[in-house]
Amino acid sequence: MEKLLKIDRRIIFIFVALAVTIPLLFRFKMSVPPTRHVISMYDKIDSLSKDSHVLISFDYDPSSKEELQPMARALLHHCFKKDIKVIGMTLYPAGTGLADKAITEIGDEYGKRSGIDYVFLGFKAGSSLVILNMGEDIYTAFQKDFYGKKTAGMKALKGVSSLRDIDYAVNLTAGGIYEAWIVYGREKYNFDLGVGCTAVMGPEMYPFIQAKQLMGFLGGLKGAAEYETLVGHKDRAAAGMAPQSVVHVLVVCFILFGNFIYFTTGRKK
Amino acid sequence: MNFFKRTIPMIIAFVMGLLMAFQYYVPHESSQNLLKVVTRWGMIISGFAMFIGAYSLFHMHWNRIRQKVSGWGYSIFVFIGAGITIIFGLLNGGEFFWNDKQAGTMFDWIFDNVQVPAGATIFSILAFFMASAAYRTFRARNKEATILLIAAIIVMLGRVPIGTMISQYIPVVADWIMSVPNLAAKRAILIGVSIGVIATSIKIIFGIERAYLGGGD
C-alpha cells in the first residue's frame with residue numbers, strides 16, 4: 001500500500017490527460033445553471049439601452065486565454081446583440097492580439113464596423129496612470145485607436161469624454177490590475193464595474209462584491225460558461241465544463257485516496 | 001554626485017507625493033488639469049520603463065551566454081525569438097512601423113501560432129502538477145489541515161457543474177465558504193496590506209524609506 005504513495009507522477013499525469021480527453025472526445029454535455037454574480041453582470045448589460053457604451057479592458061495574455069477569452073467572446077456577443085457600443089482596450093502588451101481577434105471576429109458576425117459600432121483602443125503603458133488619465137479625458141489617454149485612426153470624433157465614442165460617461169465597464173483580468181480599476185476607476189469616476197478573472201483569483205473578489213464595488217463577477221471557465229448559457233450562445237466555455245468537472249472529481253479522488261493510504265499505513269504516528 | 005543621486009530625487013518624491021495626495025481632495029479644474037498632465041508624464045515614463053525591461057532581459061541572457069552558465073543554450077532562443085518578432089513587428093507587413101498597424105501580418109501570425117499556443121500550454125501544464133501535488137501532499141495531518149481539506153473538496157466540487165449533479169447543497173455550501181470565511185480572511189489581508197502601503201508611502205514622501213533610490217555611487 002505504501003508504494004502507492006510513491007507512485008510515479010507520470011501515471012497521475014496519464015489519468016489527468018485521460019480525464020481531459022475522454023469527455024472532449026465523447027462530448028457529453030452538462031447543464032450550467034447561472035449563479036447570482038454572473039446573473040448580476042448579465043442583467044446590468046441587458047438593462048442598457050441601444051448605443052450605450054460598455055468598456056471592456058482585456059487585461060490578460062495568452063497564458064490565461066483559455067479562461068478569459070471565452071468570457072470576452074460571450075460578453076461581446078451580448079453587447080453586439082443589443083447594439084451596445086463596445087470600447088475595447090488593454091493594459092497588457094500581449095493582450096492586443098487576443099482582444100483584437102475577439103472584437104473583430106464577433107463584430108463581423110453581427111456586421112459591426114470598427115470606429116462606428118466599436119473601437120479597439122489598443123495598449124497603453126502605465127496601468128493605473130492610464131485609468132486615471134482616461135478618467136480625466138479619454139482622448140488624451142488614447143489619441144489614436146489600435147489601427148492608427150484618430151479617436152476624436154469617432155462615432156463609436158460619441159457622447160464619451162471620460163470614464164464618467166461609460167455606462168458599464170468590465171475588466172477581464174489575469175492579475176492584480178482589477179484593484180487599480182476599482183480604486184482609480186470605479187471609486188474616483190463613479191461608473192459601474194464588473195470583473196471577469198481566472199478561477200484561482202476568484203476568492204479575491206468577494207470583499208469587493210460585498211462592498212458593492214463590483215457589479216457582476218465571472219470566475220474562471222465556469223463563469224464564462226454560465227454567461228454563454230445566459231446569452232444563449234454556448235461556445236468553448238460550455239464545451240469545457242465536462243472535462244473540467246471530470247478533472248475536479250479526479251483530483252478529489254486523488255486527495256481522498258492519498259489520505260486513505262496515508263492513514264491505513266499508519267503514517268499518522 | 002550625492003546631491004543629484006539622492007537629494008534631488010528625494011525632493012521630487014516629497015513635492016510630488018504631497019501635491020498628488022492633496023490633489024485627490026481638490027475638485028477644482030486646475031487640480032484636474034494637473035492630474036491629467038502628471039498621469040501623461042507617468043504614462044511616458046512607463047513607456048521608457050518597458051525599454052529598460054527589454055534591455056535588462058537581453059543583458060541578463062547575454063551574460064548567461066558569455067559566461068556559459070548552465071542552460072545557456074536556451075538564452076540563444078530568447079535572442080532568436082525576440083529578433084524575429086521585432087523585425088516582423090517593425091516591417092508591419094511591408095508598410096513599416098511608421099505607418100498604421102496592418103492586419104494579417106507575419107507578426108500576427110507569430111503571435112497566433114507561437115505565443116498563444118506556447119502560453120496556453122504552460123498554463124495547462126499546471127493542472128498536471130496540481131493533481132500530482134494534491135495526491136502526494138494534501139493530508140489531513142491535524143485539525144486545521146482537515147478543515148482546509150474538507151473546504152477545498154467542497155469548493156472544488158461546488159465550482160463545477162458536476163457538484164450540482166452530486167448534490168444541490170454542494171454549490172450552496174461552496175458559495176457560503178467563499179462569501180463568509182473566505183471574505184473575512186481576504187478583507188483582513190486587504191486592510192493589512194493597504195495600511196502597509198499607506199505607511200510605506202508616507203515613509204517614501206518624508207525620505208525615511210530610501211531603498212527606491214538604489215545603492216552604490
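Strand β1 (residues 53-59) of chain A runs parallel to strand β4 (residues 168-173) of chain A, and 6 bridges hold the two together. Keep in mind that you're looking at a predicted model. One pair to find on screen is A:Ser57, which stands opposite A:Asn171 in β4(A).

Now zoom out to the sheet. Chain A has 6 strands in an open sheet, and their order is β3-β2-β1-β4-β5-β6, with parallel pairing. Which strands sit at the edges? They're β3 (118-123) and β6 (217-219) of chain A, and each of them pairs on one side only. Going from one strand to the next, the twist averages 15°.

| Helix of chain A | Strands touched in chain A | Angle between directions |
|---|---|---|
| α5 (residues 96-109) | β1, β2 (85-90) and β3 | about 170° with β3(A) |
| α10 (residues 220-231) | β5 (193-197) and β6 | about 125° with β6(A) |

Is α4(A) enclosed or open to the outside? Of its 17 residues, 14 are buried, so the helix is largely enclosed by the rest of the structure. After α4(A) comes A:Asp83, and its phi is positive, near 60°.

Helix α4 turns up again where the two chains meet. There, 50 residues of chain A are in contact with 47 residues of chain B. On the chain A side, α2 (9-26), α4 (65-81), α6 (128-136), α9 (206-210) and α11 (236-264) each supply at least two residues. Which helix gives the largest share of the side of chain A that touches chain B? That's α11(A), with 14 residues. And what kinds of residues make up this side of chain A? They divide into 27 nonpolar, 14 polar and 9 charged.

Finally, a look at the partner. Chain B is divided into domain 1 (1-69), domain 2 (81-137) and domain 3 (139-207). If you mark the C-alpha centres of domain 2 and domain 3 of chain B, you'll find them 33 Å apart.

Definitions and conventions: Residues are numbered from 1 along each chain as its sequence is written. Chains are lettered from A and ligands numbered from 1 in the order in which they are written. This is a predicted model: local features need pLDDT of at least 70, side-chain atom pairs count only at pLDDT 80 or more; totals for chains, interfaces and linings use all residues. Two strands pair if DSSP finds at least two bridges between them. Helices (H or I, at least four residues) and strands (E, at least two) are DSSP runs, numbered from the N terminus. Axes are lines fitted to C-alpha atoms, for helices over the stretch in contact, and angles run from 0 to 180 degrees between N-to-C directions. Two residues are in contact if their C-beta atoms, placed from the backbone, lie within 7 Å. Ala, Val, Leu, Ile, Met, Phe, Trp, Tyr, Cys and Pro count as nonpolar, Asp, Glu, Lys and Arg as charged, and the others, Gly among them, as polar. A residue is buried if 20 or more other C-beta atoms lie within 10 Å of its own, exposed if 12 or fewer, and partly exposed in between; C-beta atoms are placed from the backbone. Domain bounds come from an automatic or database domain assignment.
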